[in-house]
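Let's go through how to read a few residue-level features, one at a time.

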Amino acid sequence: ICIYSFQPDVATIVNSTITGNTGGEGVGIQSLGNSSFDLRNSIVWGNVASGGDVSPIDAQIKGDWSAEYSCVQDLLTPV
């Protein structure tokens, strides 16, 4: 999922599983521009980043975001 906006927008992702995506970085969910997202009761796991020197969390989720009651792979893995 890629969220992009020129306006300060917030998307809410609820009760979702985002898995099995591949790409450079932020392949699970990524916000660009002035957008951000709230992840609620969801799972972001098993997405594979092929970009060079991508931190573990940036492979799954990147940008301006918050999460509640969700599982994000490598969330607590040190950079």
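Q: What am I looking at, and how is it numbered?
A: This is a predicted model; local features need pLDDT of at least 70, side-chain atom pairs count only at pLDDT 80 or more, and totals for chains, interfaces and linings use all residues. Residues are numbered from 1 along each chain as its sequence is written, and side-chain values use heavy atoms, with hydrogens and water left out.

Q: Where is Lys 62 found?
A: Strands (E, at least two residues) are DSSP runs, numbered from the N terminus. Lys 62 sits in strand S9, residues 61-62.

Q: Is Lys 62 buried or partly exposed?
A: Buried means under 20% relative accessible area, exposed over 50%, and partly exposed in between (1.4 Å probe, protein chains only). Lys 62 counts as partly exposed because its relative accessibility is 24%.

Q: Which residues does Lys 62 touch?
A: Contact means heavy atoms within 4.5 Å. Not counting residues up to four places away in sequence, Lys 62 touches Glu 25, Gly 26, Ile 29, Gln 30, Ser 31 and Phe 37. Gly 26 is 36 residues from Lys 62 in sequence, yet their C-alpha atoms are 4.9 Å apart.

Q: With which side chain does the Lys 62 side chain make a polar contact?
A: A polar contact is a pair of N or O atoms within 3.5 Å; within protein, one must be able to donate a hydrogen and the other to accept it, and residues adjacent in sequence count only if both atoms are side-chain atoms. Here the partner is the side chain of Glu 25, at 3.0 Å.

Q: Where is Gln 73?
A: Gln 73 lies in the segment after strand S11 (71-72). A polar atom of its side chain is 2.6 Å from the backbone nitrogen of Gly 46.

Q: What about Ala 67 in strand S10?
A: Ala 67 belongs to strand S10, residues 65-68. Ala 67 is partly exposed, at 39% relative accessible area.

How values were computed
Helices (H or I, at least four residues) and strands (E, at least two) are DSSP runs, numbered from the N terminus.
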